[in-house]
Amino acid sequence: MLNDAFYIDIVKPFVKRNGLRNVVSIDLECLIRNQNDFLTDERIIAVSLSYINSDMETELFIARDDSVEEEDRILNQLDSFMANFQPGIIIGYNHAGYDLPLLRLKMRKRPYSRQLWNLKYYLSVAYCLDMMPVISDFLGKVDGDYKYRKLSEVVNHESFAHLDLDRKKSLVIRDNKNIGEVIEELWRSGSRDFLDYCRGDTRDVLSIFTDIFEI
């Protein structure tokens, strides 16, 4: 249950002391053509980071092509962001199950001379809060169902209808293609929909975080 969850004792005091200035929402987009590609060193093509700085802001680091060099460039941008932002809480949606393990896999494969030291530091010392189980706890108290839900279901749940969410998940729904294929197509075409999709996930997760914790 949300009120009994130990993460409340970590998040509430932190935000009371620091506000939201050190809370960041993170999401990765990758080239994934089938389910067997997950966590197999797949190519990262975009990093989205949303945070509160008086208003909500988002940083997008987008690879220009499918190459090691471009992935390296956006990962170094992420590393610099971490150094400047100095997060105390890193949130995401199932980032404990995918985004963070993939980043650690990437770092493990890098030589010592090219390590992402800032990213490694903050993934070690910041509190990484996965909003998937948090939202499961929260919505379970509402409808009695404590299942893990897709983010597309979460953002359209009546409990969050009052929030001004981006709700961009529909941008990658096609009848004849899987989500991975659509994401790759939008990225390769340079579509504005790709940027909106990347931005939408981190913004929505951050908005729901502030709502659940009554910030």
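1. A crossing is called left-handed if the near helix is turned anticlockwise from the far one by less than a right angle, and right-handed if the turn is clockwise. In this predicted model, helix α5 (residues 131-143) passes helix α8 (residues 192-212) in a left-handed crossing.

2. The axes of α5 and α8 come within 11 Å and cross at roughly 45 degrees. Angles under 35 degrees would count as roughly parallel and those of 65 to 115 as roughly perpendicular, and α5 and α8 are therefore oblique to each other.

3. On the α5 side of this contact are Met-131, Val-134, Ile-135 and Phe-138, and they meet Val-205, Ile-208, Phe-209 and Ile-212 of α8. Sorted by class, the contact of α5 with α8 has 8 nonpolar residues, with no polar and no charged ones.

4. Phe-209, which takes part in that helix contact, also belongs to one aromatic cluster together with Phe-6, Tyr-7 and Phe-213.

5. For α3 (99-109) and helix α4 (residues 117-125), the axes come within 11 Å and cross at roughly 140 degrees. This angle makes α3 oblique to α4, since the class of roughly antiparallel is kept for angles over 145 degrees. The crossing of α3 and α4 is left-handed.

6. Where α3 and α4 touch, Leu-100, Leu-103, Arg-104 and Met-107 of α3 meet Leu-119, Lys-120 and Leu-123 of α4. By class, the contact of α3 with α4 has 5 nonpolar and 2 charged residues, and no polar ones.

7. How many aromatic pairs does the structure hold? There are 10 aromatic pairs, and one of them joins Phe-38 and Tyr-98 in an edge-to-face arrangement, with 5.5 Å from centre to centre and 85 degrees between the planes. Because Phe-38 lies in the loop between β1 (23-30) and β2 (44-53), and Tyr-98 in the loop between β4 (89-92) and α3, the pair ties together parts that are 60 residues apart in sequence. Phe-38 counts as partly exposed, at 43% relative accessibility, whereas Tyr-98 is buried, with a relative accessible area of 12%.

8. The rings of Phe-81 and Phe-85 have their centres 5.2 Å apart and their planes at 15 degrees, so this pair is stacked, the cut-off for stacking being planes under 30 degrees apart. Phe-81 and Phe-85 are 4 residues apart in helix α2 (residues 68-85), and are therefore separated by about one helical turn. Both Phe-81 and Phe-85 are buried.

Terms used:
Residues are numbered from 1 along each chain as its sequence is written. This is a predicted model: local features need pLDDT of at least 70, side-chain atom pairs count only at pLDDT 80 or more; totals for chains, interfaces and linings use all residues. Side-chain values use heavy atoms; hydrogens and water are left out. Rings of Phe, Tyr and Trp (its six-membered ring) pair if their centres lie within 6.5 Å; planes under 30 degrees apart count as stacked, over 60 as edge-to-face and the rest as tilted. Helices (H or I, at least four residues) and strands (E, at least two) are DSSP runs, numbered from the N terminus. Buried means under 20% relative accessible area, exposed over 50%, partly exposed in between (1.4 Å probe, protein chains only). Axes are lines fitted to C-alpha atoms, for helices over the stretch in contact, and angles run from 0 to 180 degrees between N-to-C directions. Contact means heavy atoms within 4.5 Å. Ala, Val, Leu, Ile, Met, Phe, Trp, Tyr, Cys and Pro count as nonpolar, Asp, Glu, Lys and Arg as charged, and the others, Gly among them, as polar.
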